[in-house]
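Visitor: Please guide me through this model, beginning with the chain that is written first.

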Amino acid sequence: MLKRRLIPKLQMRRSRFGTLERMVLVTTVQFRETLEVGDPVSQAKIYQAQAADELIFLDLDASEDDRETMVNIV
Amino acid sequence: MIGIVDYEMGNLRSVYNALEYLGAEARICKTPEELGEVDRLVLPGVGAFRDCMENLRLKGFVEALDEAVFRKGIPILGICLGMQAMATRGLEGGEYQGLGWFEADVVRLQPEDPGLHVPQIGWNDVRYQQGTPIFEGVPQHADFYFVHSYYMKCNRERDVVASCDYGGISVPAAICRENIFATQFHPEKSQDYGLKVLENFLDWTP
């Protein structure tokens, strides 16, 4: 029997810390505000350890920044 | 050394990464000659039957596979479309000739349940013949990851060593014959039990 899939979503955004730039894990508040909550790779590893069925990586600013899939993170 | 056949269709990297994760030495084989340099083979595959067979033929892999699998007898694992390619015929968008290693037709999934879509995408539980070496350490009815629109209808029941149910259809999940083993599901995408299947294949002496 086919099972329902539980797919965690990892939302990412580019964050600047001084001159350093990296992708951070964010959560959104009513699709307006974003709160930085950690590192997408670490969280992905946690989901993998929890046997997630699949993972969705969402780069929130990809279209705006004209950015391709961040294969290095995936 | 495990060779992964690269005929430009298939998630080679996923398979490669899974094998390396298990500590094996894997090598992506872009040319037929390379098949003679490995002692175990994986035939991956994602896409359409016709394109798969066309690519295998054009790149000269059909003869090289025959040589490696039948003359030298090296163990081979087919995955998804790689498994389906081993059939006599594929009926996707016409009638096409497969490798003919198993007497079977590859036909479209037509589940009786109207709530089920084609392709089957996701986790489904697999019943296997007790004692099958490649499923050692895997419990009955463990879930594996499937993503396919066609399935292999085998003429010989004893070729089918594992199956899953999709809307009333008994879908062959794994087939086996001498040194040839193949899975409809993607072991490299099936978490721990998938890795166990791969691990068992690495140790398999048919």
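Visitor: Do E1(A) and E2(A) run parallel or antiparallel?

Guide: Helices (H or I, at least four residues) and strands (E, at least two) are DSSP runs, numbered from the N terminus, and two strands pair if DSSP finds at least two bridges between them. Arg14(A) stands opposite Met23(A) in E2(A). Strand E1 (residues 9–17) of chain A is joined to E2(A) by seven bridges, and the two run antiparallel.

Visitor: What kind of model is this?

Guide: Residues are numbered from 1 along each chain as its sequence is written, while chains are lettered from A and ligands numbered from 1 in the order in which they are written. Side-chain values use heavy atoms, with hydrogens and water left out; local features need pLDDT of at least 70, side-chain atom pairs count only at pLDDT 80 or more, and totals for chains, interfaces and linings use all residues, since this is a predicted model.

Visitor: Which residue takes a positive phi in the hairpin of E1(A) and E2(A)?

Guide: This hairpin has two residues between the strands. The positive phi, near 70°, belongs to Gly18(A).

Visitor: In what order do the elements of chain A run from the N terminus on?

Guide: The secondary structure of chain A comes to two helices and four strands. The C-alpha atoms of the chain fill a box of roughly 50 × 25 × 25 Å along the principal axes. From the N terminus on, the order is β-β-β-α-β-α.

Visitor: Which element of chain A has the lowest mean pLDDT?

Guide: pLDDT is the predictor's confidence in each residue, from 0 to 100; where pLDDT is low, the predicted coordinates should not be read in detail. Chain A has a mean pLDDT of 88, and 100% of its residues reach 70 or more. Among its elements, helix H1 (residues 40–49) has the highest mean, 93. The lowest, 82, belongs to helix H2 (residues 62–65) of chain A.

Visitor: Which side chain of chain A meets that of Asp143(B) in a salt bridge?

Guide: Nine residues of chain A are in contact (heavy atoms within 4.5 Å) with twelve residues of chain B. Two salt bridges are counted between the chains, each being a side-chain nitrogen of Lys or Arg within 4 Å of a carboxyl oxygen of Asp or Glu. In one of them, at 2.9 Å from N to O, Asp143(B) meets Lys3(A).

Visitor: What area do chain A and chain B bury between them?

Guide: Buried area is the accessible area (1.4 Å probe) that two parts lose on being put together, summed over both. Of the area buried here, 45% is on carbon and sulfur atoms. The total is about 860 Å².

Visitor: Which are the edge strands of the open sheet in chain B?

Guide: Nine strands form this sheet, in the order E2-E1-E3-E4-E13-E12-E11-E8-E9, with mixed pairing. Each edge strand pairs on one side only, and the two are strand E2 (26–29) and strand E9 (142–148) of chain B.

Visitor: Which residue is the bridge partner of Ile2(B) in E2(B)?

Guide: Four bridges join strand E1 (residues 2–5) of chain B to E2(B), and these strands run parallel. In E2(B), the partner of Ile2(B) is Ala26(B).

Visitor: Which residue stands opposite Arg89(B) in E6(B)?

Guide: Strand E5 (residues 87–90) of chain B is joined by three bridges to strand E7 (residues 102–108) of chain B, and they run parallel; in E7(B), Arg89(B) stands opposite Asp105(B). Two bridges join E5(B) to strand E6 (residues 96–97) of chain B, which run antiparallel. In E6(B), the residue opposite Arg89(B) is Gln97(B).

Visitor: Which residues does a cis peptide bond join in chain B?

Guide: Most peptide bonds are trans. In this cis bond, omega is about 5°, and its proline is in the loop between E7 and E8 of chain B. The bond joins Val118(B) and Pro119(B).
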